[in-house]
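The sequence and structure come before the details.

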Amino acid sequence: MKSFLISDNRDTFLAMRLAGIDGVIVDEKDEILKELNLAIKNENIGIIIITEKIQEKVMDKVMEIRIEENNHLIVTIPDRYGYSSKEDFISKYINESIGIKI
């Protein structure tokens with residue numbers, strides 16, 4: 001299985017290309033949805049990597065894929081500036097998942 005990147009950032013795209021991951025740079029919602037659908041239809045792609053800003057633009061579709069798709073894993077990554085969330089998302093995730101506050 002291959003990984004595929006959908007990014008809105010040229011720097012992220014180039015870094016992933018250096019790691020051997022193919023992808024596209026898109027910005028408009030229609031383009032993002034088109035690329036997501038193409039990636040899902042491609043049987044060689046197992047992991048779809050998207051940037052946080054891409055996820056924000058098509059959150060409904062991403063959640064639909066995560067719930068209904070068994071063949072693809074969608075991973076959200078920050079762009080080169082890091083996550084836009086100011087809070088510590090890892091601690092929040094642990095707290096929400098298993099109820100332990102750290």
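Strands here are DSSP runs of E with at least two residues, numbered from the N terminus. The model is predicted.

## Residue S7

S7 is part of strand β1, which covers residues 2-7. Its relative accessibility is 0%, so S7 counts as buried, the cut-off for that class being under 20%.

Leaving aside residues up to four places away in sequence, S7 is in contact with T12, F13, V24, I25, V26, T51 and I54.

## Packing of helices α2 and α4

Two packed helices are described by the angle between their axes and the distance between the axes. For α2 (residues 29-41) and α4 (residues 59-68), the angle is about 15° and the axes are 11 Å apart. Angles under 35 degrees count as roughly parallel, and α2 and α4 are therefore roughly parallel to each other. The crossing of α2 past α4 is right-handed.

On the α2 side, the contact is made by L33, L36, N37 and I40; on the α4 side, by K61, V62 and I65. Sorted by class, this contact has five nonpolar residues, one polar and one charged.

## Residue H72

H72 sits in the loop that runs between α4 and β4 (73-77). With a relative accessibility of 11%, H72 counts as buried.

The H72 side chain reaches two backbone oxygens: that of I40 at 3.3 Å, and that of I45, which lies 3.1 Å from a polar atom of the side chain. Not counting residues up to four places away in sequence, H72 touches A39, I40, N42, I45, G46 and I48. I40 also takes part in the contact of α2 with α4.

Technical notes:
Residues numbered from 1 in each chain as written. Predicted model: local features only at pLDDT ≥ 70, side-chain atom pairs only at ≥ 80, totals over all residues. Heavy atoms only, no water. Helix = DSSP H or I, 4+ residues; strand = E, 2+ residues; numbered from the N terminus. Buried < 20%, exposed > 50% of the residue type's maximum accessible area, 1.4 Å probe, protein only. Contact = heavy atoms within 4.5 Å. Axes fitted to C-alpha atoms, helices over the stretch in contact; angles between N-to-C directions. Parallel < 35°, antiparallel > 145°, perpendicular 65-115°, else oblique. Left-handed = near helix turned anticlockwise from the far one by under 90°. Nonpolar A, V, L, I, M, F, W, Y, C, P; charged D, E, K, R; others polar. Polar contact = N/O pair within 3.5 Å; in protein donor to acceptor, adjacent residues only side chain to side chain.
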